[in-house]
Amino acid sequence: MEPPPAGLQLEFQTLFTTEALQFLSDLCTTFQPEVDRVLKLRTLRKVQLDLTGELPGFRVDTAHIRNDPTWRVSPVPSRLQCRHVDIGDLSPCDTHRFIQGLRSKAQGIQVDYDDGNCPTYYNQIKGIYNVYQAVRNQFHAAPPISQAPVLMLRPRAWNMVEHNMMVNGQEIPGPLFDFGLLMFHNAKLLLENQSGPFFYLSKVESHLEAKLWNQIFLWAEYKLDLPVGSVKATVLIECVLASFEMEEILYELREHSAGLNCGIWDYSASFVNKLGHRADFLLPDRSKYVNMEKHFLRSYMDLLVKTCHRRGALATGGMAALLLPRDKQSVLYKTVMTTVTRLKLLEIQAGVDGFMVYDMDLIEPMQKLFQLHSQGKNQLQQLRDDLTVSPDDLLTMPEGGVTLYGLKYNIAVGVLFIEAWLSGRGHFFYKGQVEDSATAEISRSQVWQWIRHQVKLEDDGRTVTRGLVRSLAQGMQDDLREATRSQTQRDEKRLATALSIFLEVVQTSDFPEFLTTYLYLDHTFLSSQRLHEERADEGQYKARL
């Protein structure tokens with residue numbers, strides 16, 4: 001282990017006891033080989049798609065699972081039966097917002113160590129310690145854990161490592177670091193309070209990865225003397241390949257499943273990741289032509305709902321990222337509320353059992369929307385037997401082109417996300433909504449793909465080239481400075497670095513699979529985090545959360 005970050009000595013000593021370290025060490029020693037294997041299988045699958053030109057499809061070797069009508073997932077505990085509105089993108093190192101979430105009327109909180117969080121050593125330890133405190137009712141301003149919204153703990157995805165801990169001479173997987181500490185310190189107390197342990201699993205790409213998670217759950221339950229099935233997990237279907245294995249994913253996790261979740265931007269970005277070099281999979285401007293009403297995304301949501309409800313599992317939708325203005329009488333407030341209501345009503349009518357919001361002022365209006373348009377705690381009775389979804393439905397890209405506005409918007413989101421990461425923040429606000437790694441992924445993916453396919457702008461017919469992107473990005477620097485509230489020379493340098501990294505990412509010949517991995521393994525990011533810790537030692541650093 002690396003020594004504790006400055007200012008977190010107490011938290012470090014509380015979390016990293018001899019017993020906890022032994023648990024983490026045993027966990028990583030047991031499962032590191034299988035983690036390495038599933039990551040290599042991901043690479044193999046991508047190579048197969050590239051070399052053969054074949055399209056993703058439903059697997060022949062697992063057809064017996066899909067064709068067996070008899071199996072179901074185990075019932076979820078009572079506190080998970082109503083999942084109407086969760087708070088999304090809640091980075092738990094933000095103590096103030098975390099306590100706000102605990103005091104809210106939401107059904108649950110996505111305690112996010114992944115998309116909405118920047119995984120610095122400081123942030124991970126602070127965030128895990130805050131959960132430790134919440135489970136022990138140590139936040140006096142918050143209700144007891146048995147009465148607070150349920151904590152849906154979201155460890156990092158398999159593509160992330162933890163630089164600050166090594167086992168057997170190897171940096172350990174980020175999700176095992178997060179999961180191991182959260183389970184070791186909190187599982188028994190959560191179970192005693194009928195409030196967990198519940199998890200979100202990010203970026204699962206196949207049923208083999210779900211099987212690995214199930215093995216990890218069984219191992220942890222045995223080690224901690226918990227009943228089998230105590231852990232419940234919702235899998236986020238964020239990859240197009242996983243959309244063809246949803247039944248198999250539920251099957252592998254059937255003792256531990258809390259259902260599946262569908263979102264829009266990571267899923268859309270996965271088309272570029274897996275198939276984006278093919279002209280048939282050119283994704284049009286997301287600001288104008290991509291939303292959950294488009295056929296390929298609506299088909300994905302419909303299939304997820306049908307699959308889940310057929311197997312007795314809950315199906316949840318994505319997060320409303322729009323932010324309500326403070327002036328409730330303003331035209332903009334009404335416009336935002338109307339937009340969120342329309343999109344979330346679409347999901348309710350599709351049969352989802354819940355979804356997420358970022359803005360906590362949206363919790364009660366969206367709960368009322370559920371009550372008006374559905375019956376009971378969930379919609380498991382909506383089996384969608386009338387629905388058939390084919391591979392073509394899932395793989396047909398929407399029509400549309402690229403606008404100058406959409407290109408500049410994607411550039412801005414990509415640059416500002418990198419700047420946020422260099423500042424130790426996992427999400428930021430831009431043009432009235434929250435942006436996180438999911439929107440950063442789709443933004444940089446689209447710019448990379450548009451350069452690769454030399455698309456022409458609808459506005460004036462100019463071809464999207466790296467020269468055009470570079471020119472636009474440099475011309476946007478005043479707007480980017482305003483968005484980051486750049487004031488000091490250090491701020492200016494960080495923004496310039498973010499712009500440079502973004503241009504590097506969208507110009508590279510080989511598409512980087514995950515922007516977060518690219519950043520997390522980059523010397524610039526690691527150096528910036530060391531700088532933050534040095535400033536914290538001097539008592540100067542205050543994270544902008």
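Tutor: Asp-86 sits across from Met-356, a residue of strand 10. Keep in mind that this is a predicted model. Strand 10 covers residues 354–357, runs parallel to strand 1 and is joined to strand 1 by three bridges.

Now take the pairing of strand 1 with strand 2. Strand 2 spans residues 108–112 and pairs with strand 1 in the parallel sense, again over three bridges. Here Ile-87 faces Ile-109 of strand 2. Between these two strands comes helix 4, residues 95–103, and strand 1, helix 4 and strand 2 together form a right-handed β-α-β unit. Strand 1 itself, residues 85–90, is mostly covered, with six of its six residues buried.

Next, a helix pair. Helix 5 (residues 121–135) packs with helix 6 (residues 174–192) at an angle of about 5°, and their axes are 10 Å apart. An angle under 35 degrees counts as roughly parallel, so helix 5 and helix 6 are roughly parallel to each other. Helix 5 brings Gln-124, Ile-128, Val-131, Tyr-132 and Val-135 to the contact. Helix 6 answers with residues including Phe-177, Leu-181, His-185 and Leu-189. Sorted by class, this contact of helix 5 with helix 6 holds nine nonpolar, three polar and one charged residues.

Follow helix 6 onward in sequence. Pro-197 is in the loop between helix 6 and strand 6 (198–201). The peptide bond joining Gly-196 to Pro-197 is cis, with omega about 0°.

Beyond its neighbours within four places in sequence, Phe-31 touches Leu-176, Leu-212, Gln-215, Ile-216 and Trp-219. Take Trp-219: 188 residues separate it from Phe-31 in sequence, yet the C-alpha to C-alpha distance is 9.8 Å.

Finish with two loop residues. Asn-168 sits in the loop between strand 4 (161–167) and strand 5 (170–173). Asn-168 is not glycine, but its phi is positive, near 55°. Its relative accessibility is 65%, so Asn-168 counts as exposed. Asp-225 lies in the loop between helix 7 (207–223) and strand 7 (232–237). Its phi is also positive, near 60°, in a residue other than glycine. Asp-225 is exposed, at a relative accessible area of 67%.

Technical notes. Residues are numbered from 1 along each chain as its sequence is written. This is a predicted model: local features need pLDDT of at least 70, side-chain atom pairs count only at pLDDT 80 or more; totals for chains, interfaces and linings use all residues. Side-chain values use heavy atoms; hydrogens and water are left out. Buried means under 20% relative accessible area, exposed over 50%, partly exposed in between (1.4 Å probe, protein chains only). Helices (H or I, at least four residues) and strands (E, at least two) are DSSP runs, numbered from the N terminus. Two strands pair if DSSP finds at least two bridges between them. A crossover is right-handed if, with the strands pointing away from the viewer, the path from the first strand over the helix to the second runs clockwise. Axes are lines fitted to C-alpha atoms, for helices over the stretch in contact, and angles run from 0 to 180 degrees between N-to-C directions. Angles under 35 degrees count as roughly parallel, over 145 as roughly antiparallel, 65 to 115 as roughly perpendicular and the rest as oblique. Contact means heavy atoms within 4.5 Å. Ala, Val, Leu, Ile, Met, Phe, Trp, Tyr, Cys and Pro count as nonpolar, Asp, Glu, Lys and Arg as charged, and the others, Gly among them, as polar.
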